Every structure is written in structure tokens, then in C-alpha cells.
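Please open the model in your viewer and keep the selection panel at hand. The stops below say what to select next and what is to be found there.

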Amino acid sequence: MDNEVTKTARVDLGNAYVLSQGEQSYAAQTLGNLNVGGYIKAAGAGAFSIVAVDNDVAETNSVNAGSGSYLKTTGAGSDINMFAVDDLDIRVIGVADTQGGAVGGASSNVGNSLTRTNKVNVDGHLYSMNNVNLTAGGNASELDLVLSSEAYNKTALAVSVPTYGNRLQQNGQVTVGPG
């Protein structure tokens, strides 16, 4: 079983001119609750159960304020916030279950690949009466990841092989230009 998910959230302010009395917040955020599973059951004299589950997730979040942008707050205590974050809950499970017989095998192979990219780019002008918060991933992003590969074999001469692999690439970047 192959599963592929691509998610993108983007806020592009371009050359915007924004003047406000209160707080300004710009957020590019992906949310995901993903359950991927494969289950196979076999029985007989020479039964074999083999399951392969491959999950590939790529998410990209970006906030961009171009070189001609001008963002300003005029009220006391007013922040400018730019967030590129994600909140992902991923469960990938493979179960191979050989119920019985004289000879048998069970094999479960689970693979997961996750690429998280969060970027905030400011080339324009920011003027805040309080804080400027530029966040790309970090503590504002959350990940709950569970991988499970199970192989059950209830035959007289049994061979069970559960395997799993995980690749995680995290890219968080805040760039502030000369504006």
C-alpha cells in the first residue's frame, strides 16, 4: 500500500501597505490527522501473509513580505506576527497475521518519509509598537508520529519478520532582508 500526501499553505503579502491600530498576524499553517494502515490475514498448510505500507508526506508553509511591503502598528502593545507552522498527527501501521498451519510466514514492512518545510521571509519594512514575532516551525509546530510493524505467526514451523523505517527532514528558516 502506497500513500502520498502533499500539503501547502502560503501567505504572500507582496508589496502590501498595512497600517493598523492593533495587532497584525499572518499565519500559513497546515494541519493533518493521517491514519495509514495495511492488514492481511492468512491460514492454511503453507500460509504466508505479507504486508507493505509506504507513507510519504511533504508539507510546505510560507509567509512572505516582499521588498515593497510596509507593515506598521500604531497602538501601544501591538505586535506584528508572522508564523509558518504545522500540526501533524501521523499513524502508520502494518499487520501481517498468519493464523495457523504446519508451515508459514508473516512479514510486515512499514516505511514513512516526512518532509516539513516552514519559511518566513521579510524583505520589506516592519514597524511595531511592541514585538515582531517571526516563527518558522520550532516550538509552534507539533508532530505526533507513530510507526508500528507487526508480524504474527501461529504455525508449527513459524517465521515472522516485522521491519520499519522512518526518514524525517525538517527545514525551518527565517530570512530578513535589508528592508
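Begin by selecting Asp2, Glu4, Asp54 and Asp56, which gather on the surface in a patch of negative charge. A patch here is made of residues with over 30% relative accessible area and no salt bridge, with like charges joined within 9 Å and nonpolar side chains (Val, Leu, Ile, Met, Phe, Trp, Tyr) within 5 Å; Asp and Glu count as negative and Lys and Arg as positive, while His and the chain ends are not counted. The place of a charge is taken as CG of Asp, CD of Glu, NZ of Lys or CZ of Arg, and accessible areas come from the Shrake-Rupley method with a 1.4 Å probe, only the protein chains shown counting as cover for residues.

This is a predicted model, in which local features need pLDDT of at least 70 and side-chain atom pairs count only at pLDDT 80 or more, whereas totals for chains, interfaces and linings use all residues. Residues are numbered from 1 along each chain as its sequence is written, and side-chain values use heavy atoms, with hydrogens and water left out.

Colour by strand next: strand E1 (2-14) and strand E4 (46-65) each supply at least two residues of the negative patch, strands (E, at least two residues) and helices (H or I, at least four) being DSSP runs numbered from the N terminus. Asp56 is found in strand E4 and, at 32% relative accessibility, counts as partly exposed, that is, between buried (under 20% relative accessible area) and exposed (over 50%), with a 1.4 Å probe and protein chains only.

Now turn to the salt bridges, of which the structure holds five; the term means a side-chain nitrogen of Lys or Arg within 4 Å of a carboxyl oxygen of Asp or Glu. Arg116 is buried, with a relative accessible area of 5%, and Asp86 counts as buried at 0%.

Move on to Asp144 and Arg91, whose side chains meet in a salt bridge (3.3 Å, N to O). Here too the partners come from distant parts of the chain, Asp144 lying in strand E10 (residues 142-153) and Arg91 in strand E6, 53 residues apart.
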